[in-house]
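Subject: Handing over a structure, with notes

Dear colleague,

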Amino acid sequence: MKSYKDAIAFQCLKETKYDRSSIFRKDNIGQIPTPPRYKTYPDVLLIPLPEPRFENTDSLWSILKERRSRRRYAYEPISLDTLATLLWATQGITHSTHGYEFRTAPSAGALYPVETYLAIHNVSGLQPGIYHFNVAEFALEEINPGNFADRLRRAAMDQGVVSRAATVFIWTAVVLRSMSKYRDRCIRYIFMDAGHIAQNLHLAATALDLGCCPIGAFYDDDVNELIKVDGKEETTIYLGAVGKR
Ligand SMILES: Cc1cc2nc3c(=O)[nH]c(=O)nc-3n(C[C@H](O)[C@H](O)[C@H](O)COP(=O)(O)O)c2cc1C
């Protein structure tokens, strides 16, 4: 019988450690192709987002004190302005230099392996459906119109927070973007990146007096099928529900 000491979690940590003798470990995974820096859906409807609005004057300190995972929301829409501000907070481009575009959240090697999809349930000015955030254009790409609130709730292990939300952020990892530089260690950095992005969402939502809840419990491939990613080279890693309090 195996013991907890053989758990994959320990193996993963062990196999992805850096040590002084071999920074790039003795893996045999060969050449790794580098995917494009930005994912886009050229054949779908592109919806430009309004400029983000920074109206809340609360201090960072009071926002940190106020932040809580909230799972009950009013059945009211959030506005497109609000959604744009939240998206900007998570992954908006804030600085360009030497061919690099830097964003609100840090990313290992500035490789930005995390993509954002949205399940829109109740956002004024947008029909319900699955959208992809086009970071470079600061726009939404409409991938699949329809109301997917119940399907996403079932995919999230029947957590009602997901269908009550006005929108659910669905974060995926384009694994090769990070793996092409960091080899197996990418698996650590991808999740660190996602944590930064999710915390930015949480703080921005709090600043806008919205409820927000991070969601790590979901049937991975059910969500992958919903947003039409392969579940291997691009796979869902985290969700964030947002709605009016
Ligand atoms: C990685 C991660 C995964 C989480 N997954 C879920 C989840 O699936 N469902 C849920 O209701 N809350 C989820 N939460 C929220 C936690 O339950 C919450 O952060 C914790 O109870 C602390 O409460 P607070 O966020 O209000 O401080 C998750 C939080 C994190 C950081």
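This is a predicted model: local features need pLDDT of at least 70, side-chain atom pairs count only at pLDDT 80 or more; totals for chains, interfaces and linings use all residues.

Residues are numbered from 1 along each chain as its sequence is written, and side-chain values use heavy atoms, with hydrogens and water left out.

The strands

Strands S8 and S9 pair in the antiparallel sense over 6 bridges, where pairing requires that DSSP finds at least two bridges between two strands. Strand S7 (residues 167-174) is also antiparallel to S9 and is joined to it by 8 bridges; within this pairing, threonine 167 has valine 242 as its bridge partner in S9. Strand S9 (residues 234-244) is largely enclosed by the rest of the structure, because 9 of its 11 residues are buried (buried means under 20% relative accessible area, exposed over 50%, and partly exposed in between, with a 1.4 Å probe and protein chains only).

Threonine 236 is found in strand S9 and is buried, with a relative accessible area of 2%. Leaving out residues up to four places away in sequence, threonine 236 touches Ile170, Trp171, Thr172, Phe218, Asp220, Val223, Asn224 and Ile227, where contact means heavy atoms within 4.5 Å. The side chains of threonine 236 and asparagine 224 are joined by a polar contact of 2.7 Å (a polar contact is a pair of N or O atoms within 3.5 Å; within protein, one must be able to donate a hydrogen and the other to accept it, and residues adjacent in sequence count only if both atoms are side-chain atoms).

The ligand

Which residues are around the ligand? They are Arg67, Arg68, Ser69, Arg71, Gln159, Cys213, Pro214, Ile215, Gly216, Ala217 and Tyr238, a residue being near a molecule if one of its heavy atoms lies within 4 Å of it. Strand S8 (residues 210-215) gives the most to this shell, with 3 residues. An oxygen atom of the ligand lies 2.7 Å from a polar side-chain atom of arginine 67, and an oxygen atom of the ligand is 2.6 Å from an N or O atom in the side chain of serine 69. A polar backbone atom of glycine 216, in turn, is 2.9 Å from a nitrogen atom of the ligand.

Histidine 202

Histidine 202 is found in helix H7 (residues 186-207) and is buried, with a relative accessible area of 3%. Its side chain reaches the backbone oxygen of arginine 68 at 3.2 Å. Apart from neighbours within four places in sequence, histidine 202 is in contact with Arg67, Arg68, Ser69, Cys212 and Pro214.

Helix H6

Helix H6 (residues 175-182) is mostly covered, with 6 of its 8 residues buried, namely Val175, Leu176, Arg177, Ser178, Met179 and Tyr182. The cover over these buried residues includes strand S4 (114-120), S7 and H7. Just after H6, arginine 183 takes a positive phi of about 50°.

With best wishes

Key
Helices (H or I, at least four residues) and strands (E, at least two) are DSSP runs, numbered from the N terminus.
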